[in-house]
Amino acid sequence: MIVTVTPNPSIDRTVTVEQLEVGGINRAISSRLDPGGKGVNVSRALSANGCPTLALVPLGGPDGRLLESLLEEANVEFTVVHLSGITRTNVAVVDPSGTTTKINEQGPVLTTQELSSLRAAVLASAAGGEWLALCGSLPPGAPESWFADIIDAHPARVAIDASGAAFRHAVAAGPDLIKPNLEELEELVGRGLSTLGDVLNAARTVVERGVGMVVVSLGSAGALAVTVEGHWFASALVTAPLSTVGAGDCLLAGLLQALQMGKSPQDALAEGVAWGSAAVTLPGSQVPSPADIAGVTVSTRLPPLTTLLTPNPSQPTRRASTMSSRTATIASSVGLHARPATLFTKRVAAAGIPITVGRADGKTVNAASMLAVMALGAKCGDQVLLTADGANADEILDELVSFLETDHDAQE
Ligand SMILES: Nc1ncnc2c1ncn2[C@@H]1O[C@H](COP(=O)(O)OP(=O)(O)O)[C@@H](O)[C@H]1O
Ligand SMILES: O=P(O)(O)OC[C@H]1O[C@](O)(COP(=O)(O)O)[C@@H](O)[C@@H]1O
């Protein structure tokens, strides 16, 4: 059994257009809905290929119920942790050449209670699992150490596919397997990697830090696996890629089921690449069937280490995230109203970067707008989520949290 955890699942809406015109009215040629989020995709790919799996997902609101019914239709076994917030929808816009533009929502804020229910469900469900796969972004407000804490507490084998600070913390906890793509590995080691040799060296340094196996997916160039014992490569040619969304998740699914069957690193990597490449030939984040996978020819020949890794034209370029978030408990007895609201919005405006403030039910507003902030109706003792996007976001959010957590009525 492979247990997957997706702390921030999504409904994936894929819209196909002739050519995306930014600022214009684009008419869709077709559109489709898939249950989404990285662990959900891993479980969908495993189920479609007859491998036992359980997907753990926190879901809320009408969109959470829609995601449940999409999972039922896909015959995926799943366990839900119910949320007060509303499950997100991520949109991918694809043109006929396969070029994909993605808009991922932040997702609902999970309360401290919901996060600990999810953690308890993970540890209970994963007790009998041979692999636990922790996948995707953390929901806003979750501590960056959330994955790392689970790795520390979980006795069986753990694989992780994440990014940013949560991924860095998880890697430091020494998981058995990680599956970064090129950009995620660059972010992890803090430098650009332009050749296959650069990737190999970077992956080796991560193995030295205590990770069992590093599998770097390199888009159309294939994938490289590194352990203390050696390194292996696999690739497959896809002449007409339709959608790259979820390709990495399918690679991870193929790899884990092969490792679980006791296959060698080289054979497991080849299996993963067959699943990932087959996914690219399908629309949206549709997962491949055994027939789709059987149609892929995989090569395990290692190209020269001087081979330059060029960006994949059909792959969305990911803007390095400068987004940060914090939760704060309102201390002023009048709530986020009157004088505290005026002082708060002035501080936000002076910060000069986009900042939002939201409630646990998902309602989020521009934190610089006095009227919008008052209309939130946040009372004394309520938790709010602040997000900011900018190089100094962490510093500014820390100041705003300490402002909100001070009783300004009592002070004056
Ligand atoms: N254009 C492509 N042609 C062939 N295979 C691809 C292509 N894009 C992705 N793949 C396969 O899917 C795997 C995962 O894709 P990648 O884009 O690296 O992952 P992620 O979705 O995590 O960013 C690759 O290692 C490769 O095997
Ligand atoms: O949790 P994140 O990083 O926002 O990613 C979620 C998205 O990633 C996916 O799992 C697909 O992954 P990729 O686009 O990275 O291949 C989608 O199903 C989902 O919309």
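# Helix packing, sheets and ligand shells

Helices α6 and α7 are oblique to each other, an angle class that covers whatever is not under 35 degrees (roughly parallel), over 145 (roughly antiparallel) or 65 to 115 (roughly perpendicular). The structure is a predicted model, in which local features need pLDDT of at least 70 and side-chain atom pairs count only at pLDDT 80 or more, whereas totals for chains, interfaces and linings use all residues. Residues are numbered from 1 along each chain as its sequence is written, while chains are lettered from A and ligands numbered from 1 in the order in which they are written.

Helix α6 spans residues 182–189 and helix α7 residues 196–208; helices (H or I, at least four residues) and strands (E, at least two) are DSSP runs numbered from the N terminus. Their axes lie 11 Å apart at an angle of about 55°, where axes are lines fitted to C-alpha atoms (for helices over the stretch in contact) and angles run from 0 to 180 degrees between N-to-C directions. The crossing of α6 past α7 is left-handed, a label for a near helix turned anticlockwise from the far one by less than a right angle, with right-handed used if clockwise.

On the α6 side, L182, L185, L188 and V189 meet V199, A202, A203, T205 and V206 of α7; contact requires C-beta atoms, placed from the backbone, within 7 Å. This contact comprises eight nonpolar, one polar and no charged residues. Here Ala, Val, Leu, Ile, Met, Phe, Trp, Tyr, Cys and Pro count as nonpolar, Asp, Glu, Lys and Arg as charged, and the others, Gly among them, as polar.

Helix α5 (residues 164–172) also approaches α6, the two axes coming within 10 Å and crossing at roughly 70°. This angle makes α5 roughly perpendicular to α6. The crossing of α5 past α6 is right-handed. From α5, G164, F167, R168 and V171 take part, and from α6, E184, E187 and L188.

**The ten-stranded sheet**

An open sheet of 10 strands with mixed pairing has the order β5-β4-β1-β8-β9-β10-β11-β12-β13-β14; strands pair if DSSP finds at least two bridges between them. At its edges stand β5 (78–82) and β14 (298–299), each with a single partner strand, so one side of each has no neighbour in the sheet. Within this sheet, β12 (residues 223–226) and β13 (residues 231–236) run antiparallel and are joined by four bridges. L224 has F233 of β13 as its bridge partner. Helix α2 (residues 61–73) packs on the sheet, where it touches β4 (53–59) and β5, and its direction makes about 165° with that of β4.

A second open sheet has four strands in the order β15-β18-β16-β17, with antiparallel pairing. Its edge strands are β15 (323–329) and β17 (364–366); each has a single partner strand, so one side of each is left without a neighbour in the sheet. From one strand to the next, the twist averages 25°. Five bridges link β16 (residues 355–359) to the antiparallel β18 (residues 383–389), and V357 stands opposite L386 of β18. Helix α13 (residues 393–404) packs on this sheet, touching β15 and β18, with its direction at about 10° to that of β15.

Helix α13 also packs with α11 (residues 338–351), at an angle of about 175°. The two helices are therefore roughly antiparallel to each other. F344, R347, V348 and A351 of α11 meet I396, L400, F403 and L404 of α13, a contact with seven nonpolar, no polar and one charged residues.

Two packed helices are described by the angle between their axes and the distance between the axes.

| Helix pair | Angle | Axes |
|---|---|---|
| α6 and α7 | about 55° | 11 Å apart |
| α5 and α6 | roughly 70° | within 10 Å |
| α11 and α13 | about 175° | 11 Å apart |

**Ligand shells**

Ligand 1 has 21 residues around it, of which S217, S220, A247, G248 and G276 come nearest; a residue is near a molecule or strand if its C-beta atom, placed from the backbone, lies within 6 Å of it. Helices α8 and α9 (265–280) each supply at least two residues of this shell, and α9 gives the most, with four. By class, the shell around ligand 1 has nine nonpolar, 12 polar and no charged residues.

Around ligand 2 there are 17 residues, with G36, K38, N90, G136 and S137 coming nearest. At least two residues of this shell come from each of β2 (10–17), α1 (38–48) and α8 (247–260); α8 contributes the most, with three. The shell around ligand 2 contains two nonpolar, 12 polar and three charged residues.

Conventions. Contact = placed C-beta atoms within 7 Å.
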